[in-house]
Amino acid sequence: MTISKKHLVGTTGLLISVLSIPLLTTSMAFAADAGNAVAEGKDLAFDRKKGNCLSCHMIEDGASPGNIAPPLIAMKARFPDKAKLRAQIWDATAANPDSPMPPFGKHQVISDAELDKIVEYVWTL
Amino acid sequence: MKKIVLMTTALLMVVGFSNAVMASPEEDRQIFLNFYKERFPNVPQDDYINGVYAIDPVGRENWEAIEEFPPYETAIDAGKSMWDTAFANGKTYSDCFPDGPAIMSKYPHWNKEKGSVITLPLALNACREANGEKPLKYNKGAIANIVSYIAYESRDQVTNVVIPKDDPRALEAYEMGKKFYFTKRGQLNFSCANCHLQNVGMVLRTEILGPAVGQTTHWPVYRSKWGEMGTLHRRFKGCNEQVRAKAFKPHGEEYRNLEYFLTYQSNNLPLNGPGARK
């Protein structure tokens, strides 16, 4: 049981890293437009139909946050590697199969372009 | 399939169900109870019949005010007149349910001949059809009225789900319900257990997540958000849809087995339906 579980996580992890290579290129295209991306990312993160991150995370001035998840603060310190942050939002269950956090990228809750903007925003927190 | 089992196993371990994959229903029930007791040491066991209000003192105040003029009273009255009114053929519900109307604690139960779990709404519709009447729709309306009346008349009973030993399919149905409970679903990828076990008592935006034990004792429910009465399976549907999963058919096999599993976890708790929720 334990062995096959490891195997499963391993494959998922691999899949993510393969998939994130083209996606990272996309996010570089946005770098020029970083200011906008941050503002748009914030809207996407707060939008109940998109990220709806506030339903679980406390985020700076966001109203009535949930408390299921750790507050999103000091993100650069906790995620020096932006790709790791992106991977967490793309599919939180890769790192923690029990995570209640929706696999936003993997299940296409938000598009890749939207995800990139959210990452830009969250990285400023 | 294998993946689902693995995920389930993982969550079971997180919440202390380490040996529960093979646990008996009675062991499951104890694990649920102990889990909540550890999280909410001051909540008396019988208070779980009040759902999320057992652990939410602020919500409870509003709810107690609502209960002073119960919004489900008209449903009970409408249900009573359904019970008392003869079908076109002259027979009544009492002809199908000679012990009724106080029969809530007999459901859900395993039916060996049919090889399936029978819920109260299924039995009511079977009675109607046997007497040449159209079956009722399952989520709201007339079905919620008659079940409200039966629930009210059964208020002195306790939950008593039995898993008969003489038919292994009964335990299988329970196990299917349990698996359903722990399986992540929908675009947002939640299992019932993610919300009502793992994150119980936590706040999801503005909603406090209530415990699974006691969730079945008080149906149907007048829900302010609905502005009307709804049945247990309507709530299952809502909880599936809020994670963008497709809801299953009310009283179809999946939800029947889910009800069997979930109601078992409330065994020995008093029945206090119908109820009111925000």
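1. In this predicted model, A:Lys82 counts as partly exposed because its relative accessibility is 27%. Its side chain meets that of A:Glu120 in a salt bridge, with 2.9 Å from N to O. The two come from distant parts of the chain: A:Lys82 belongs to helix 4 (residues 82-90) of chain A and A:Glu120 to helix 6 (residues 112-123) of chain A, 38 residues apart. A:Glu120 counts as buried, at 13% relative accessibility.

2. A second salt bridge joins A:Asp116 and A:Arg86, whose closest N and O atoms are 2.8 Å apart. A:Asp116 lies in helix 6 of chain A and A:Arg86 in helix 4 of chain A, so this pair ties together parts 30 residues apart in sequence. Here A:Asp116 is buried, with a relative accessible area of 3%, and A:Arg86 counts as buried at 5% relative accessibility.

3. In chain B, B:Arg234 and B:Glu228 form a salt bridge, the closest N and O atoms being 3.0 Å apart. B:Arg234 counts as buried at 14% relative accessibility, whereas B:Glu228 is partly exposed, with a relative accessible area of 28%. Elsewhere, A:Lys42, A:Glu60 and A:Asp61 are joined into one network by salt bridges that share partners. Over all chains, a search of the whole structure finds 19 salt bridges.

4. Helix 8 of chain B has 15 residues and spans 22 Å from its first C-alpha to its last, close to the 21 Å expected at 1.5 Å a residue. Its buried residues include B:Ala170, B:Ala173, B:Tyr174 and B:Gly177. B:Lys178, B:Phe180, B:Tyr181 and B:Phe182 are also among them.

5. Helix 3 (residues 57-67) of chain B has B:Gly59, B:Arg60 and B:Trp63 as its buried residues. They lie on the same side of helix 3 of chain B because they cover an arc of only 100° around the axis. Strand 7 (275-277) of chain B is included in what covers them. The face turned away from the buried side carries the exposed residues B:Pro57, B:Val58, B:Glu61 and B:Asn62.

6. A:Cys56 lies in the loop between helix 2 (34-46) and helix 3 (75-78) of chain A. At 14% relative accessibility, A:Cys56 counts as buried. Leaving aside residues up to four places away in sequence, A:Cys56 touches A:Gly66, A:Asn67, A:Ile68, A:Ala69 and B:Leu204. The C-alpha atoms of A:Cys56 and A:Asn67 are separated by 5.3 Å, with the two residues 11 apart along the chain.

7. Which residues does B:Ser224 touch, not counting residues up to four places away in sequence? They are B:Arg277 and B:Lys278. The C-alpha atoms of B:Ser224 and B:Lys278 are 4.9 Å apart, although 54 residues separate them along the chain. B:Ser224 is in the loop between strand 5 (221-223) and strand 6 (228-230) of chain B, and counts as partly exposed at 42% relative accessibility.

How values were computed. Residues numbered from 1 in each chain as written. Chains lettered and ligands numbered in written order. Predicted model: local features only at pLDDT ≥ 70, side-chain atom pairs only at ≥ 80, totals over all residues. Heavy atoms only, no water. Buried < 20%, exposed > 50% of the residue type's maximum accessible area, 1.4 Å probe, protein only. Helix = DSSP H or I, 4+ residues; strand = E, 2+ residues; numbered from the N terminus. Arc of directions from axis to C-beta. Contact = heavy atoms within 4.5 Å. Expected span 1.5 Å × (residues − 1). Salt bridge = Lys/Arg side-chain N within 4 Å of Asp/Glu carboxyl O.
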